[in-house]
Amino acid sequence: MLMKEYRICMPLTVEEYKIGQLYMISKHSNEQSGGGEGVEVVRNQPDTHPQHGLGQLTEKRIYLNSKLPSWVSVFVPRVFYVTEKAWNFYPYTITEYSVSFLPKFSIRIETRFENNNGDNNNVFGDRPTPAESVSHLDILIDPIPDKHYKETEDLSRWVSEKTGRGPLVEGWRKDSTPIMCSYKRVQCSFEVYGFQGKTEDFIHRNIQDILLVGHRQAVAWTDEWHGMSLEDVREYERQIQEQTNSKLKSTQNNNTAPRPAYSRSMSVTDERSLKKMGVKTMAMSDPSTSTLPHSTVRLNSTPE
């Protein structure tokens, strides 16, 4: 199990991002859905946390077979999904991921938002994160995969008509006003002997790409969501969820042609199958069965 803390700054306030985050997540999910793959919203309902009060629980299924690296495809079933459960008690959130066919895998992300430039070394209040476990991501200069680049989301060219902010220039985090930071503590567990190191490296690379792309989009789309009320963005979220679910189900139902089999592929659906492959497993709880977020796991090692 590994833990790492990511810090991503944006030229926004925490209060503004409460709307921007909801808008960005909904729009991004809709853009990524199609061809039988994408994001299906299973539930989106109010929830209460004993410490953080009222919030929102969202559960999604993320279908992404074709986005897997070839070495994972060798032992993954042809149809599978990742379950995402998110508890939004803004400015504190918890997100947990589990895989439909592999209960030995889980990711847990704690997030806290603050109006600063990422200089709080104990933002979660339990213990400072070791410096070697902290990664500062810059939404302006850090590279993202070419397939995700869009000129309209290039923050070196971005100017917000509504707020008068932008474009960003190198070193913007030192003197930008306003500025906020998204602190994310990521814990990853993949307790399958022989695959752990490779999988954790893969997760690290993808979490960094996802965080950079998502936060860049939240800023680039500022004029689309700035000025919306919470009621406005919740209605937008509901409409986009209906579109996304409809798009996903439609393409899945229309795709009647059999998918080509992976050469030398094998379906791993339970612990018995893993043992037949000679893969040793270790017991751990399945986060997909929880109805409330788990308490924080304390780790001595270092990982959305």
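Author: The model is a predicted one, and the residue I would begin with is R173, which lies in helix 3. With a relative accessible area of 25%, R173 counts as partly exposed, because that value falls between the limits of 20% for buried and 50% for exposed. Apart from its neighbours within four places in sequence, R173 is in contact with C9, N117, H136, L137, D138 and I179. As for G118, the sequence places it 55 residues from R173, while the C-alpha atoms of the two are 9.1 Å apart in space.

The loop between strand 7 (134-137) and helix 3 (172-175) holds P167, and the peptide bond that joins G166 to P167 is cis, its omega being near -10°. A cis peptide bond also runs from Y90 to P91, with omega near 15°, and P91 sits in the loop between strand 4 (82-89) and strand 5 (92-99).

On confidence, the protein has a mean pLDDT of 79, and 72% of its residues reach 70 or more. The highest confidence belongs to helix 5 (residues 222-225), at 98, and the lowest to helix 7 (residues 271-276), at a mean of 44. Over residues 256-292 pLDDT stays under 50, although the model has 64 contacts there beyond four places in sequence; over residues 294-304 it likewise stays under 50, with 42 such contacts. Where pLDDT is low, predicted coordinates should not be read in detail.

Definitions and conventions:
Residues numbered from 1 in each chain as written. Predicted model: local features only at pLDDT ≥ 70, side-chain atom pairs only at ≥ 80, totals over all residues. Heavy atoms only, no water. pLDDT = per-residue confidence, 0-100. Helix = DSSP H or I, 4+ residues; strand = E, 2+ residues; numbered from the N terminus. Contact = heavy atoms within 4.5 Å. Buried < 20%, exposed > 50% of the residue type's maximum accessible area, 1.4 Å probe, protein only.
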